[in-house]
Amino acid sequence: MKEKILPGMFLAAGLTLIPLLAASQVNAAGQVDKKLYPYAPSLLNYEKSGAPFTPPEACADCHPSQYEEWTGSVHALAFQDPVYQGELNKAVKAVGHDIARQCEGCHSPAGVVTGEVKGPGLAGLSPMALAGVSCDVCHSIKDHTGWQTPYHQPENGSIVLSPGKDAPEGPVLTKYGPYKGGEECGGGFHECVEQPLHKTTELCAGCHQVHHFETHTPLESTYREWKDSPYAVKGIGCQDCHMVAAETFVRSADTFKKPERSEYRHYFNGANFLLYHLAEQAALKAGNKELAANAANKFSMAVARLKAAAELEVKPVYRDGRLCELRVRVHNRRAGHNLPTSLTNVRQIWLELTVTDAQGKAVMSTGTVSPTGELPEEARLFNSDGMGEGFHFAIDPWKVIAFSRHDTIPPRGYRDVHYGVSAPAEGGPLKVVARLRYRQAEQKVAHALLAAVPKDMDLKAIYGLEALPELPVVDMATAELSVASRQ
Ligand code: HEC
Ligand code: HEC
Ligand code: HEC
Ligand code: HEC
Ligand code: HEC
């Protein structure tokens, strides 16, 4: 029974075998039928034929604009990302080689099903495998198996890859896309199949819903957060915010109007400005000015998205005529999922508040980064804390099995933070500056990941990195006001 259990069967068994429930449900939750999912712990599927996967450079010949937009995107960098390679290396050392397939199933799926990618490192890999989430990954997605997974929703790469088929005259390449192609579609290189999935969020869901490799508990839940949001109700999906220019995304978020076909772009631009910064450094080091400009443009777009995502409102609260509290309301205005999303136990969004009196003397200050890049302990963060077996604090995805705290802000929702202030005895106005700040990770976490990159990735040679600089911070929103200390 342990080997053969099918997803869905256990629920029925659990109802009749109540005494066994606790022990076997833990196993059953992680049980994956290897016949349904041969690449487990990744839930990829592959329709194998003589048709190969095509590297992006070959698609570029006929689709130059999509290629330029995708180049330097987080999808293009998904496998070569040094932060990813560092964490993958740690994962394999901690729990053995099997786990690598789970990670690679999302960070380089074509490399997994062809058997080319086998763990950390870049040496000897073909351009197709190095291309991460490439053109031919998404446009070979024939279907998804999201409702049959152990969690009965898309997770851990539950997509079906089918780059083509065998025909009497030899293998034929098949590309799936959202539109009905005309007579000339594919230019003799590929046939075109209209696949409505490409217009929906479920195309992205399998990879943007990361579950623990054994217990299958959700660790990164971007798809689920979106599905429970007003954007899902109003028909605004991932593509409508992440596959358009920054201004168009603001319109999608504010008006719930879907972009026109001509407005879609292959940017896949989110919040990871740090990765674009590294990509720009690498391009400059390699002497490729065009690529460096491309990365710099994506950096600005990510910063623009972060700045459009949130808003701050500060309200003074008085008791017996004296200022006693500042209430800071943080709104998630335009993220189609929680703020932050996905790696919520790694990403950092926090409030910095400084209050000064008429003489410029500090009355209070909280959330200011130290010169060495550390946040004070009392800083108010919007993020989560993971817990591992034994319910202790854990951060790595193979250790975290649930969350002890989840304090992210839902789409179109808000959080209130109350700061007690004692108004100065002499009265007078106070100057209040509140900032909502974002960075990819805590200084020491970033340090540990970059220190763990595989040996064949020389950070000095590729990025010109000698030591880890202080991680850059982006101000998502700022509120500045003068507040009377007496009412
Ligand atoms: C279901 C698909 C999926 C699986 C499985 C997966 N990842 Fe990811 N990973 C993602 C997505 C999507 C992101 C982007 C999230 C974001 O930017 O907020 C990501 C981001 C990351 C990042 C952050 C990169 C950066 O530059 O900040 C690291 C590190 C990472 N993954 C490592 C791993 C490791 C190691 C594993 C295996 C233990 C793994 N991932 C498994 C989809 C996946
Ligand atoms: C993460 C998945 C993903 C990746 C990677 C991806 N695409 Fe797409 N592609 C889509 C989606 C979704 C659409 C529909 C949105 C749109 O109209 O652009 C699309 C649309 C297209 C279209 C049709 C555009 C039109 O209006 O006729 C072409 C052509 C295309 N992609 C080519 C490419 C090429 C070439 C690459 C690599 C350089 C690529 N795609 C990478 C998801 C992807
Ligand atoms: C020899 C030229 C050529 C090459 C190479 C080529 N395509 Fe196309 N493709 C076309 C033409 C022509 C069309 C139809 C016009 C258009 O949409 O640009 C098309 C259309 C598409 C579409 C749109 C289908 C739809 O929904 O309307 C997608 C997606 C696509 N190609 C993906 C790819 C991918 C991925 C690659 C690389 C693996 C690739 N193409 C390589 C010529 C080519
Ligand atoms: C085959 C798996 C896969 C599919 C399908 C996929 N993604 Fe991703 N996506 C990833 C991975 C892996 C990363 C993170 C790579 C990293 O950080 O190293 C990522 C990163 C991103 C980011 C960048 C996040 C940031 O922090 O800046 C955005 C935005 C994004 N994806 C949007 C989409 C959209 C929209 C779709 C559907 C049209 C989609 N993805 C489909 C695997 C996938
Ligand atoms: C209404 C617009 C909107 C929609 C819809 C939307 N997003 Fe986002 N997304 C944003 C904004 C704004 C940000 C930047 C702020 C943040 O990090 O949340 C973002 C950030 C991200 C990030 C980076 C998170 C981080 O901090 O590293 C990922 C990954 C992502 N989105 C994926 C998705 C996926 C997958 C979907 C569909 C399930 C989706 N988004 C739907 C607006 C949107």
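Predicted model: local features only at pLDDT ≥ 70, side-chain atom pairs only at ≥ 80, totals over all residues.
User: Which residues of helix H15 are buried?
Analyst: Phe-249, Ser-252 and Ala-253 are buried in H15, residues 246–255. Buried takes 20 or more other C-beta atoms within 10 Å of the residue's own, exposed 12 or fewer, partly exposed lies in between, and C-beta atoms are placed from the backbone. Helices are DSSP runs of H or I with at least four residues, numbered from the N terminus.
User: Why do they line one face?
Analyst: Seen down the axis of H15, the buried residues fall within an arc of 95°, so they line one face of the helix. The arc is taken over directions from the helix axis to the C-beta atoms.
User: Which residues are exposed on the other side?
Analyst: Glu-247, Asp-254 and Thr-255.
User: And what follows H15?
Analyst: Phe-256, with a positive phi near 60°.
User: Which residues come nearest to ligand 1?
Analyst: Val-83, Glu-87, Cys-103, Cys-106 and Ser-342, of 25 around ligand 1 (C-beta atom, placed from the backbone, within 6 Å).
User: Which helix gives the largest share of that shell?
Analyst: H7, with 6 residues.
User: Where does ligand 1 lie relative to the domains?
Analyst: Domain 1 (9–271) and domain 2 (305–448 + 465–484) both give residues to its shell, so ligand 1 lies between them. The bounds come from an automatic or database domain assignment.

Note on methods:
Residues numbered from 1 in each chain as written. Chains lettered and ligands numbered in written order. Helix = DSSP H or I, 4+ residues; strand = E, 2+ residues; numbered from the N terminus.
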